[in-house]
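Subject: Handing over the structure

Hi,

Here is the structure I promised to pass on. Have a look at it first, and then read my notes below.

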Amino acid sequence: HRWLIPTEKTPSRPCPQSSLLHRPLEKVKPEHLALLVKTEWQLSYVTPLYQFRHTQLKTYARQLSAFIAAEKQQGLAVEVGGLQNTFKVSFSVLQGLAETNDDPETVLIQVQSKPMFARQEDPPKTVWSGWLSCINGNPEYLQSLPKDFTCLPLFCSKGAEGLSSLVKSWLQRTFDCCFGPLDINQTTLQWLAALWTNCHMETNIQKLKMIWTLPVVPPLQVTYTVDSDDALELWRSTRESSAEKSRGAEDEVCIDFSEVTRFMQGLMSHFYRHFRVDLSAGELNQVSSALGSAKLNGKIKISSSRYLISIFSLLTECALLKMPI
Amino acid sequence: MDNLAKHLLQRLMRRIPASMLKSTLDKWGRLTAEKRKSLDFTQSKWTITQELVALYVTENPNQGMWHTFQLLDPEDDAHSVELMQFKEQFKSHLSELKRNVSVKIKKHTDEAVWIRVAWGDGLSRPNHLKATYVVHYLQTPYVFVNALSSKNKPLLLQALTLSTKHQQIKAANLSGQKLTALRDLLMRQYQQVFPTKYPSPLPEKLRIEKVQAEASASRHRMAGETFGDGMLPALQSAFFQLETKFKDPTNEAMTQRDEPFICSVKFSSSNLLESLRHCASSGIASTPVTPLLSSIPLKGRNYFVITDNVPTA
């Protein structure tokens, strides 16, 4: 593997101090957006790809098809359909998701399956999809990379685990990169809770639902669902209380994590007042609203394209932080 | 038994030739000899299928969703109602309220009276595959009901009230999958054992450790007093609808609001009472345990609406 040796140029990771709120998505085709929303994606991080070319996508599709076919020949279980299925791979660019000049364009990989005895007019079924992206990646870091490296640190996949392994395996050997699971940690889940609540100012999020587990025997799950209007009022009250903010606090596009902490503490103290149970003794597992859901085990679903960029900017940042180098 | 399983059973039964039915069920070996004897193979396959489903439900009471009702205002002779009388009265009252129902009542060895009501309408015969099941222990105020539609609910409840010689029946705010857990919670059949001693604290000179051990012993004691000791009924969830004001001294803006902060909390576990007991004994829940949580075992309910006027509903 070609590991990146940290030099003076490669900056140390910054801590996420703020998160950008929604940006308009005019540049992305609606049919591309439709592929990304309302679907639960499993998240991974991937280290920069060596000598990846956006111009070679047809070649990559051919190579990956051949790789999957070869692995199947060797009897590797692919879990999808019968042995007679043929797999067809396509690579495409989802233009417009890259936010800054430093972000490489997002690449979508799809694997379609057609049973051998299917009729000609039967459309092939997409059995696996995945996409590599970098949305609002840290510009200092991206600029510090040697020229031959393309940084698309966020990998989202959906479909049979066997195919996920094969795709990752091919990407690893072709571009000298490596993958790892991107768990959505407590901090990120709390960010999302605050972010989605903030979005209620523009879009009805219906409810803010949070699921905790407490470490008792047997384990106790607590599902705490808050009315969206009340959650928003609590969120606004925690933002206004920061003395540094001006009157136009709500127009600010940046959120400080200390505000997120105060918001969560408010929710937990209301809970404590009634049940005298300290939720911070447990672990936040899942946050959801009408805008989507996020789970600790690295699964995310975005239900509205409006906030896609903000969420995936946050996840890009998480992926960059999680990388081993 | 879910609809898919019932559907599969029906199809299987149709395909097995009638003459081979008895021997097939014998070979299958899942029914006891006693149960197999209770099946009348001279009946139609459809009838036998329905009886198999009924057998399954009574053998697996911890599936499906049971709702609890409480009988109120007993008449003077309510405590002397016995089985034969109850059976006759229930069948008679129900058929007066609705034609075309089929009722089967049987008392089990644990004194539970199981009632199976198959509902028909003007066009079709009563369908035992979609029957409502009722479990009642005579001379107790509780009735457990499974698979009752809102259409038939008032009829069934009225028949139950009249035949047990009560004047009213109301929802008891206790629901769950495990009938035995609901029953045990209400009947206080689970052990409420108060152990007489706890692990003795450490040597006198280690004061801090002694204080901690005492605090721990105190937590364990209070946890046991609130939820019970030993095995607890396997209640699986509790739901609280909260409509109380937000009060937090560090947040003036929210505390000054007049409107309540609307939210709901659901606790779930494979054994909720044991989880809550462990929360109390481990310190995750402060002791003494809040009335909201202690109401679950004390009042035998798992659905609560909490407002500022009624702190423990």
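A disulfide here is a pair of cysteine sulfur atoms within 2.5 Å. With that cut-off, a search of the whole structure turns up 0 disulfides over all chains. Take A:Cys177: its closest cysteine sulfur belongs to A:Cys178 and is 7.0 Å away, so the two are too far apart for a bond. The closest cysteine sulfur to that of A:Cys318 is in A:Cys156, at 12 Å, which is also too far for a bond.

Before going on, some housekeeping. This is a predicted model, so local features need pLDDT of at least 70 and side-chain atom pairs count only at pLDDT 80 or more, while totals for chains, interfaces and linings use all residues. Residues are numbered from 1 along each chain as its sequence is written, chains are lettered from A and ligands numbered from 1 in the order in which they are written, and side-chain values use heavy atoms, with hydrogens and water left out.

Back to the two cysteines. Buried means under 20% relative accessible area, exposed over 50%, and partly exposed in between (1.4 Å probe, protein chains only). A:Cys177 counts as buried at 1%, and A:Cys318 counts as buried too, at 18%.

Now for chain B. It has 11 helices and 9 strands; these are DSSP runs numbered from the N terminus, with helices being H or I of at least four residues and strands E of at least two. Of its 313 residues, 44% count as buried. The C-alpha trace spans about 80 × 50 × 40 Å along its principal axes.

- B:Thr49 sits in helix H4 (residues 45-59). It is buried, with a relative accessible area of 3%. Leaving aside neighbours within four places in sequence, B:Thr49 is in contact (heavy atoms within 4.5 Å) with B:Leu9, B:Gln10, B:Met13 and B:Leu129.
- B:Met84 is in helix H5 (residues 83-97). At 48% relative accessibility, B:Met84 counts as partly exposed. From B:Met84 to B:Arg221 there are 137 residues in sequence and 46 Å in space, C-alpha to C-alpha.

Cheers
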